[in-house]
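Visitor: I would like to go through this structure term by term. Please set each value against its definition.

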Amino acid sequence: PDQGSMMVAVNVSFQNNGTKPYWIHTIKADLDTSSGSFSADAASPADFGRYFQAFPTLKQHAIAPLEREAKINPGASAAGTIIVAFPVTPDAFANRKSLKVTIQPYDQPVPLVLTK
């Protein structure tokens, strides 16, 4: 409270409809608000326990982490939580214009972009 910063747990899911495995290289999130745009890399799943202990509300709807290096085979799906932090107030986050998660694979030039 009163720190002007938000740490957010975001659940994402997608299906690999391609013909080869999808290897996750990087995961980031972009937030667009009336006061500006912000970008954040997803936190390491190794830090989730520490964040959940410090901020129990983060864990409320969290599922297993979506991890870098994960392999999603053709026809398979992936679902997981990422944690990101943005330098905005809770009100600015609640009234955001958009929240976008970008998953960049290793061997494909175009990333997967999920927008809410």
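Visitor: Why is Leu 99 called buried?
Guide: Buried means under 20% relative accessible area, exposed means over 50%, and partly exposed lies in between, with a 1.4 Å probe and protein chains only. Leu 99 has a relative accessible area of 9%, so Leu 99 is buried. This is a predicted model, in which local features need pLDDT of at least 70 and side-chain atom pairs count only at pLDDT 80 or more, while totals for chains, interfaces and linings use all residues. Residues are numbered from 1 along each chain as its sequence is written, and side-chain values use heavy atoms, with hydrogens and water left out.

Visitor: Which residues does Leu 99 touch, not counting residues up to four places away in sequence?
Guide: Contact means heavy atoms within 4.5 Å. Among those that Leu 99 touches are Val 10, Asp 30, Leu 31, Phe 86 and Leu 114. Leu 31 is 68 residues from Leu 99 in sequence, yet their C-alpha atoms are 4.7 Å apart in space.

Visitor: Where does Leu 99 lie?
Guide: Leu 99 lies in strand 6, residues 98–105. Strands (E, at least two residues) and helices (H or I, at least four) are DSSP runs, numbered from the N terminus. The protein has two helices and seven strands, in the order β-β-β-α-β-β-α-β-β from the N terminus on.

Visitor: What makes Asp 30 count as buried?
Guide: The relative accessibility of Asp 30 is 17%, so Asp 30 counts as buried. Asp 30 is found in strand 2, residues 22–33, and the residues it touches include Phe 38, Ser 39, Leu 99 and Thr 102.

Visitor: What makes the pair of Asp 30 and Ser 39 a polar contact?
Guide: A polar contact is a pair of N or O atoms within 3.5 Å; within protein, one must be able to donate a hydrogen and the other to accept it, and residues adjacent in sequence count only if both atoms are side-chain atoms. The side chains of Asp 30 and Ser 39 make such a contact at 2.9 Å.

Visitor: Is Thr 33 buried or exposed, and how do you know?
Guide: Thr 33 has 3% relative accessibility and therefore counts as buried. Thr 33 is also found in strand 2. The side chain of Thr 33 makes a polar contact with the side chain of Ser 35, at 3.1 Å. Leaving aside neighbours within four places in sequence, Thr 33 is in contact with Phe 38, Ala 92, Arg 96 and Lys 97.

Visitor: What is Asp 41 called, and why?
Guide: Asp 41 has a relative accessible area of 61%, so Asp 41 is exposed. Asp 41 is found in strand 3, residues 36–41. Beyond its neighbours within four places in sequence, Asp 41 is in contact with Ile 27, Lys 28, Ile 83 and Val 84.

Visitor: Why does Glu 69 count as partly exposed?
Guide: Glu 69 counts as partly exposed because its relative accessibility is 46%. Glu 69 is placed in the loop between helix 1 (48–54) and strand 4 (71–72). Its phi is near 75°, a positive value in a residue other than glycine.

Visitor: How do you know that the radius of gyration agrees with a compact globule?
Guide: The radius of gyration is taken over C-alpha atoms, and the globule rule is 2.2 Å times the number of residues to the power 0.38. For 116 residues, a compact globule would have a radius near 13 Å; the protein has 15 Å, which agrees.
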